[in-house]
Amino acid sequence: MTVTLDYIKNLNRTTLDDANSSEYVNHAKKGLSREVIVAISKDKNEPEWMLEHRLNSYDVFMSKAMPNWGPDLSLLDLENIIYYARPGEVVSSTKWEDVPAEIKNTFERLGIPEAERKYLAGAGAQYESQNVYHRLKEEYGKMGVIFEDMDAALQKYPDLVKQYFMKCVTMHDHKFAALHGAVWSGGTFIFIPEGVNVDKPLQAYFRMNAASMGQFEHTLIIIEKGGQGSYIEGCSAPKYENPSIHAGLVEVFVKDGARFRYSSVENWSRNTYNLNTKRAIVEKDGTIEWIGGNLGSGCTMLYPCSILKGDGARAEHLGIAFANKDQIQDTGAKVIHVGARTTSTVVMKSISKAGGVSVYRGLLKILKGAKGAKAQVKCDALLLDDISVSDTIPDMQIAENDVSIGHEAKVGRISEEQLFYLMSRGITEDEAMAMIVNGFIEPIVKAMPLEYAVEMNRLIEMEMESLGAVG
Amino acid sequence: MKTKLIAANTEEQLIIRTAEETESCFEITVGENSQFSLTYFENRNENEFSEVTITITLKKNAHLDIMTAFAGSRKSKLKLKVIHEESGSSSDQKTLFFGDKSQNFDIESTTILDAPDTTAKIIAKGVLNNTATASFDGSIHITHNGKNANAHLNEHTLLLSSGAKINAVPALKIANNQVQASHSASVTRVDDEHLFYCGARGIDESSATKMIVEGFLRELYQGSNYIEKIEPIILSKIDQITNKN
């Protein structure tokens, strides 16, 4: 199969930053109240228990304080956010032709349908709070695989959803989990039956279009015993003056011996607060892999978490964060070892440029009884100039002695020698910088599917270009 | 509070033994081109509590050698702050802790490099037995002024029993790109392979453990000004461990 990557070549900041008209939000209500929540639930024709869950979450949200650590969230005016908006009279469709032209164009420019035709097992696209497209290749449907948008899944498989929904991350977890519980809309539901291997990735793309939007998609993934699969998520939004918020929630249940890989390339615009929560519970001998690229958004607080509950469970976290001008990338990984002989590896790379702040905030917790647990954490930070900032704050709580734990972190800059070597071979300074940065993040990009790896490199290049020469 | 100023171009030593010390807060400034060596030894008896704060400021080209060792007390807290205020200053910081029974050590070590060409080397090693717990927060801040700063932190903990707990938070906060900064941390138990190696040579498990623990810690106190006082206490603690196991 030949793969053309034209859409990636043509990808530039304008493609991502341009907005469509968004008249449909003119009469959308800003701010949050019980009425808004009841209206969302009614609009979606949800079962009673879900409305109850939303209202309970709202009460928890109101009672919880804002986080008193990490980046400053004082500019995020939660009263001025549109919590729910449908882009006109759109319904989720399984046919690309049915998607309204304007929305279709947006996704086409981002290369969504082309990617699906070429290498995906299924794809979904969400625009504002509404899924506009969702399709799974027939052969996988026949094996019992479910790949639906979350709203549809709630209608079609209410019992399955009820059994797992917000059981991994509860509304009491933190303020934004409660907010999510109250106003969630859209997202992805994946169910892989026992022993089924979905060998091609499933994908969803999330796009915010209007100003002051809030996107709260819920992703629920259940992999039954011995199942295997992978999922890729892409996100972007146009650029505005007013802050918008993304508080998605991802729950992954990996059962005995199952294996799942969750990749995401997050490229929200600079006015977005990305306050996402991702967590997996891994049973006996299961494996979860998190691969993440955090490039966009003005402020990110995202710490994917793996709870290694069963004996022999394994987690792997790979991540890149790129903090450019006015960006705070507060990311990390949390791993909680509960079962015996559980292992985890965390590799995080961060790049700070033009005054950007990147923070690795990690938690490694070994509970009593996690005998023979092994954990390795490695953080590398690259500072491209002398006004940027890099922090590394790993927290290790070890309550078991039969363990092997290692953590290491390094902060540095691009060496003059490497630059000189490349420039003496006729490469300009900017190109040389970009090459070195690409080399720095390679181990993580390599773990992504080809198309995403190329896109990731292109996005990094765009970040490198955006302010002219670096260094 | 006790303040102390070490004049420029001098060499000085200070030994703080908590059992004989009444002061709990120290502020020390090390003058230009001076060398200062501080040994802090937690040797209270095992039902006492202690909480000490030490702040040391380093002037131009000043050098600090500091050794903090924790063996005694029921519960001990130390807040150590080393500020590299002027260029060319350097510090060599060592922390050693050995907890058994239900001892608790809470160590907060902050090193701020706020001037060009400053160097800090921090190494912490700890052993915890029975239900002893410890927390080691070792952070390095290199500010925007810290051009060509060089800072490294290593911390290693050996857990001898399943009831022991360690909470380690090594942090790096870097706001300058012309720096070399790193930290590493590890938590392990006595390696089975090492025990087997010794066993194969006729050394029983308890003697082998003793040798391994001693070797693990010796690196730290070997060059200490206070070795003759620290060593016997560490060795007697090691003896107690192996006899029990």
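Visitor: In β12(B), which residue is the bridge partner of B:Lys125?

Guide: The partner of B:Lys125 is B:His156 in β12(B). Please note that this is a predicted model.

Visitor: How do the strands around that pair run, parallel or antiparallel?

Guide: Strand β10(B) and strand β12 (residues 150–159) of chain B run parallel and are joined by ten bridges. Strand β10(B) also pairs with strand β8 (residues 90–99) of chain B, in the parallel sense and over ten bridges. In that pairing, B:Ser90 has B:Thr119 as its bridge partner in β10(B).

Visitor: Why is β10(B) described as largely enclosed?

Guide: Strand β10 (residues 119–128) of chain B has seven buried residues out of ten, so the rest of the structure largely encloses it.

Visitor: Let us turn to the two chains. How many residues does each give to the contact?

Guide: Chain A contributes 30 residues and chain B contributes 30 residues. On the side of chain A that touches chain B, the elements that give two or more residues are β23 (389–398) and β24 (403–412). The residues on this side of chain A comprise twelve nonpolar, nine polar and nine charged.

Visitor: Which strand of chain B is joined to β24(A)?

Guide: Strand β14 (residues 180–188) of chain B is joined to β24(A) by eight bridges, and the two run antiparallel. One of the pairs sets A:Lys410 against B:Ser182 in β14(B).

Visitor: What about helices? At what angle do α12(A) and α13(A) cross?

Guide: The axes of helix α12 (residues 429–445) and helix α13 (residues 450–465), both of chain A, cross at roughly 145 degrees and come within 10 Å. The crossing is right-handed.

Visitor: Which residues meet there?

Guide: From α12(A) come A:Met433, A:Ala434, A:Val437, A:Asn438, A:Ile441 and A:Val445. They meet A:Ala453, A:Met456, A:Asn457, A:Ile460, A:Glu461 and A:Met464 of α13(A). The residues of this contact divide into nine nonpolar, two polar and one charged.

Visitor: And the largest nonpolar core: which residues touch the most other members?

Guide: That core has 202 residues, and those touching the most other members are A:Val183, A:Ile221, A:Val252, A:Val254, A:Val282, B:Ile142 and B:Ile174. The element that gives the most to this core is strand β22 (residues 373–383) of chain A, with seven residues.

Visitor: What is A:Val252 in contact with, leaving aside its neighbours within four places in sequence?

Guide: With those neighbours left aside, A:Val252 is in contact with A:Ile221, A:Phe260, A:Tyr262, A:Ala280 and A:Ile288.

Visitor: Changing topic, which value does phi take at A:Met166?

Guide: Phi of A:Met166 is near 50 degrees, which is positive in a residue other than glycine. The residue lies in the loop between α9 (158–164) and α10 (175–183) of chain A.

Visitor: Why does A:Met166 count as buried?

Guide: A:Met166 counts as buried because 20 other C-beta atoms lie within 10 Å, and the cut-off for a buried residue is 20 or more.

Visitor: And what of A:Arg341?

Guide: A:Arg341 is not a glycine either, yet it has a positive phi of about 55 degrees. Its place is in the loop between β19 (334–337) and β20 (343–352) of chain A. A:Arg341 counts as partly exposed, with 18 C-beta neighbours inside 10 Å.

Visitor: Lastly, where is B:Glu205?

Guide: B:Glu205 is in helix α2 (residues 205–221) of chain B. It is partly exposed, with 14 other C-beta atoms within 10 Å. The C-alpha atoms of B:Glu205 and B:Ser184 are separated by 29 Å, the two residues being 21 residues apart along the chain.

Key. Residues numbered from 1 in each chain as written. Chains lettered and ligands numbered in written order. Predicted model: local features only at pLDDT ≥ 70, side-chain atom pairs only at ≥ 80, totals over all residues. Contact = placed C-beta atoms within 7 Å. Helix = DSSP H or I, 4+ residues; strand = E, 2+ residues; numbered from the N terminus. Nonpolar A, V, L, I, M, F, W, Y, C, P; charged D, E, K, R; others polar. Pairing = 2+ DSSP bridges. Axes fitted to C-alpha atoms, helices over the stretch in contact; angles between N-to-C directions. Left-handed = near helix turned anticlockwise from the far one by under 90°. Buried ≥ 20, exposed ≤ 12 C-beta atoms within 10 Å, placed from the backbone. Core = buried A, V, L, I, M, F, W, Y, C linked by C-beta atoms within 7 Å.
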